[in-house]
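Here is a protein chain to explore together.

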Amino acid sequence: MPNRHSLLSMATFLAIISWPSVADTVLLKNGDKITGEIKKFDEEHLVIKPSYSPKISIERSAIKSFETDQKQHWSINRTLKDVSIQSSELDGFVLVNNQQTPISELVFSDRKSDSEWRYSGSVEAAIDVTSNTKNTQKLHAKSDITAETLQWRHNLKSEVRYETEEKTTKRNTLEAHYSLDYLISEHWLLRQEDYFQEDRRDFPISNYYAALGPGYRFWGIGRDKLDFVVTYNHFWLETQIFTYQLNAWAATLNYKQYWFDGVLETYADLQIAFPDTPTIDYISDATLGLKYLLTQQIYLSFKYDINQTKSAAQHSRDISYNLGLGVNF
C-alpha cells in the first residue's frame, strides 16, 4: 500500500504535467501560426523562440496578430505598460484590455526595471553638397551617443568640420553638445544642457553655453520622441582679444520618428534663443534630416542645417546640405 508521501508526490506530478503550458502565439498573414516565447519586438522585427527550434525573426509587415498571456513590459503608443495581449480578428491589430490596438503602436520593452540602462548611437561621415563654384574640399564627421533609463537620458553629440577653399582653410571647427534629461513623469522633464564650439583657425574663436529648464515630452518611449523644452541660457564668447557674455531664454524642439518598420528615420532639432540685450533680436539653430537604412546598421543620410543671427545691425545666415554614410550601434 503506497504511503501518504508517495500519494502526495504522485498528485503533484500529475498536476504539473496536466497544467497547460504558457506560450505566446504569433499569427502570420500567410495563415501560419508560431507558438513559443516572444523575446523581442522592436520597430523592425518580432523574435520568438519556439520549443522545437532556435529563435525565429519575423518582419512586422508579415504579422496579422499575436497574443501573450504573461504580463510583460510593452510600449503602447509610446507609453510603457505592464499588460497581457490577446490576438484580434482584425488584420494588423491586437486586443489590449479588450480594446483594439494597432500593432504599429507596440514595442516590446526588454527593460526589467526603471533603472536599467539602454545604450544606442551612431557615427557618420558626410560631404557638403552646397553649391559653390570655387575649388572646395569639405570633411564632416559626427557622432551621436545616448544612454537612458526610464527616468534619465544622457545624450552626447559631437561634430568635426574641416573646409578648404583654393587651398586656404576656411573652417576648422569642433562642436560638442551634451544634454541630461530627468523624466519627472510620463510627460514632464527637466533638462540641463552644455554646448561648446571652437574654431581652430589662425584667429581662434570659441563659444559655450549652459542651459537649464523644464520640458514636455509629447511621446518618447522606444526610439521615437517629441520633446519641447524651455531653458534659461548663459552664453560665453571668447577670442584672443575679448570675452563677451549674455543671457537668453530659449525654446527647443527635438523630434525623431521611424517609418516603414524602421527603414526610414526623420528627425529635427530646432532652437531659437532671445538674448536679454537690445543689440541682438534672436539666435536660431535648426537641423532637419533623413536616414535610410541600407542594412540593420548602415544607413544613408541627408541633413539640412540653417543657423541665423538677427541683430539691429545685420541678419546673418549660414545654410548647408550634407549627404552622409553612417553606422548605427
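## Before we start

Two residues are in contact when they have heavy atoms within 4.5 Å of each other. This is a predicted model, where local features need pLDDT of at least 70 and side-chain atom pairs count only at pLDDT 80 or more, while totals for chains, interfaces and linings use all residues. Residues are numbered from 1 along each chain as its sequence is written, and side-chain values use heavy atoms, with hydrogens and water left out.

## The chain as a whole

The secondary structure comes to one helix and 21 strands. Helices (H or I, at least four residues) and strands (E, at least two) are DSSP runs, numbered from the N terminus. Of the 329 residues in the chain, 39% are buried. Here, buried means under 20% relative accessible area, exposed means over 50%, and partly exposed is in between (1.4 Å probe, protein chains only).

How do contacts reach along the sequence? Among contacts between residues at least 6 apart in sequence, 46% join residues at least 24 apart.

## How confident is the model?

The predictor's confidence in each residue is called pLDDT and runs from 0 to 100. The chain averages a pLDDT of 83, and 85% of the residues score at least 70.

Over residues 11–21, pLDDT stays under 50, and the model has zero contacts beyond four places in sequence for them. Where pLDDT is low, the predicted coordinates should not be read in detail.

In soluble globular proteins, nonpolar side chains tend to be buried together. A nonpolar core is a set of buried Ala, Val, Leu, Ile, Met, Phe, Trp, Tyr and Cys residues joined through side-chain atoms within 4.5 Å. The largest one in this chain has 19 residues, and Phe41, Ile63, Phe66 and Trp74 have the most contacts inside it. At least two residues of this core come from each of β1 (24–28), β2 (33–41), β3 (45–49), β5 (63–76), β6 (79–87), β7 (93–96) and β9 (106–108). Strand β5 gives the most, with four residues.

Apart from this core lies another, of nine residues, among them Tyr209, Ala211, Phe235 and Ala248.

## Enclosed spaces

On a 1 Å grid over the protein atoms alone, a cavity is a set of points where a 1.4 Å probe fits but cannot get out, and its lining residues have an atom within 4 Å of a point. Grid points are joined across faces, edges and corners, and a volume is the space filled by probe spheres set on the points. By this rule there are two cavities of 30 Å³ or more.

The largest cavity has a volume of about 60 Å³. Of the 10 residues that line it, Tyr258, Gly262, Glu265, Leu293 and Asn328 are the closest to its centre. Strand β19 (residues 280–293) gives the most to this lining, with three residues. The lining divides into five nonpolar, two polar and three charged residues. In this count, Ala, Val, Leu, Ile, Met, Phe, Trp, Tyr, Cys and Pro are nonpolar, Asp, Glu, Lys and Arg are charged, and the others, Gly among them, are polar.

Glycine 262 lies in the loop between β17 (243–259) and β18, and counts as buried because its relative accessibility is 4%. Its C-alpha atom is separated by 9.3 Å from that of histidine 45, 217 residues apart along the chain. Is histidine 45 buried or exposed? Histidine 45, in strand β3, is buried, at 19% relative accessibility. Leaving aside neighbours within four places in sequence, histidine 45 is in contact with Lys40, Ser57, Ile58, Glu59, Arg60 and Gln296.

Tryptophan 188 is in strand β14 (residues 188–199) and is partly exposed, at 47% relative accessibility. Not counting residues up to four places away in sequence, tryptophan 188 touches Tyr182, Leu183, Gly215 and Tyr216.

Phi is near 55° for asparagine 97, a positive value in a residue other than glycine. For asparagine 98, phi is near 65°, again positive. Asparagine 97 counts as exposed at 58% relative accessibility, and asparagine 98 counts as exposed at 68%.

How values were computed. 1 Å grid on protein atoms, 1.4 Å probe; cavity = no way out; pocket = protein on both sides within 12 Å on 5 of 7 lines; lining within 4 Å.
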